[in-house]
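Please look over the sequence and the structure before reading on.

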Amino acid sequence: MASLRRRPAPTGHEKAQDRARKAFARRQRARRWLTLRKVLAGALAVLLVGLGVYALWFSSWLRTEGVDLVGNDLLTDKQVLAAAEVPTGGPLVNVDLEAIEKRVKSLAAVKKVDVSRKWPHDIRIEITERSPIAVLDLGDRVVAIDADGTSFPTPARAREGLPRIRVGSGADRNALREGAAVVSSLDGDVASMVSYVEVRTVDEILLHLRDDRLVKWGSADQSDDKAAVLLQLLKRKAGTYDVSVPGAPTTK
């Protein structure tokens with residue numbers, strides 16, 4: 001019958017060595033796992049970059065297919081798209097937004113434009129149009145004019161009910177801007193009596209009333225005072241009313 005042999009209990013020194021070996025093994029496993037994680041993260045990053053490059057430049061996932069047009073009323077979609085010349089079929093990321101913005105901004109009715117990418121397939125063109133405040137009579141044609149004195153073509157519906165401006169041979173851009181300022185500042189009661197505004201120079205702007213009376217308005221300065229004086233002055237029977245100096249009005 002075999003005899004039972006008992007192993008002697010490990011000494012304190014042996015226990016310490018065993019603990020040290022286990023701690024070393026854990027550290028080795030942790031370092032290997034950390035290295036593996038770095039390798040996997042690097043490989044994933046490379047994969048994602050490659051996928052992104054493929055998606056942006058080589059796949060059909062992010063191709064330019066259309067235009068999202070916002071804010072145009074005076075201009076038709078056809079007019080804006082013809083000016084924008086948005087290239088379709090290529091990578092959306094390659095579309096030159098500044099070039100499109102410059103082309104659309106060349107349209108006279110456009111005051112401001114913002115062009116951006118609308119992922120995944122469209123170019124967004126957001127337009128702020130000029131606001132017509134009067135009709136500029138050029139003899140052979142009529143156009144609208146805004147408060148800055150900028151003229152631009154508009155559909156007939158946009159000119160309905162607007163006051164009319166005619167310019168003399170001596171009127172330059174500054175005079176036209178001043179005429180637009182006069183029209184913008186006209187009191188409603190005065191505006192309703194005006195047939196058209198004649199702009200000769202910056203300081204010589206005339207109001208032709210519907211009953212053929214004439215008002216010498218001068219420049220756009222003190223327009224509120226001029227309107228108040230004119231409404232009182234019109235009670236007098238006359239053919240010409242001069243309110244260019246509202247403190248000293250005259251009639252003739």
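The model discussed here is a predicted one. E204 forms a salt bridge with R200, and their closest N and O atoms are 3.0 Å apart. R200 is partly exposed as well, at 34% relative accessibility.

## A network of salt bridges

Salt bridges with shared partners join D68, K118, R124 and E126 into one network. In total, the structure holds 11 salt bridges.

In one, the side chains of R124 and D68 meet in a salt bridge with an N to O distance of 3.1 Å. This pair links distant parts of the chain, since R124 lies in strand β3 (residues 122-129) and D68 in strand β1 (residues 66-70), 56 residues apart. In the other, the side chain of R124 meets that of E126 in a salt bridge, at 3.7 Å from N to O.

How exposed or buried are these residues? R124 counts as partly exposed at 27% relative accessibility, and E126 is partly exposed with a relative accessible area of 35%. D68, at 18% relative accessibility, counts as buried, because the cut-off for buried is under 20%.

Which residues of helix α2 are buried? In this helix, which spans residues 77-84, they are V80, A83 and A84. These residues lie on the same side of α2, because they cover an arc of only 100° around the axis. In general, an α-helix has 3.6 residues a turn, so residues three or four places apart point the same way.

The exposed residues K78 and A82 are carried on the face of α2 that is turned away from its buried side.

## A negative patch on the surface

D96, E98, E101 and D114 form a negative surface patch. Among them, E98 has its place in helix α3, which covers residues 97-105. E98 counts as exposed because its relative accessibility is 68%, and the cut-off for exposed is over 50%.

Terms used: Residues are numbered from 1 along each chain as its sequence is written. This is a predicted model: local features need pLDDT of at least 70, side-chain atom pairs count only at pLDDT 80 or more; totals for chains, interfaces and linings use all residues. Side-chain values use heavy atoms; hydrogens and water are left out. Patches are made of residues with over 30% relative accessible area and no salt bridge: like charges are joined within 9 Å, nonpolar side chains (Val, Leu, Ile, Met, Phe, Trp, Tyr) within 5 Å. Accessible areas come from the Shrake-Rupley method with a 1.4 Å probe; for residues, only the protein chains shown count as cover. A salt bridge is a side-chain nitrogen of Lys or Arg within 4 Å of a carboxyl oxygen of Asp or Glu. Lys and Arg count as positive and Asp and Glu as negative; His and the chain ends are not counted. The place of a charge is taken as NZ of Lys, CZ of Arg, CG of Asp or CD of Glu. Helices (H or I, at least four residues) and strands (E, at least two) are DSSP runs, numbered from the N terminus. Buried means under 20% relative accessible area, exposed over 50%, partly exposed in between (1.4 Å probe, protein chains only). The arc is that of the directions from the helix axis to the C-beta atoms.
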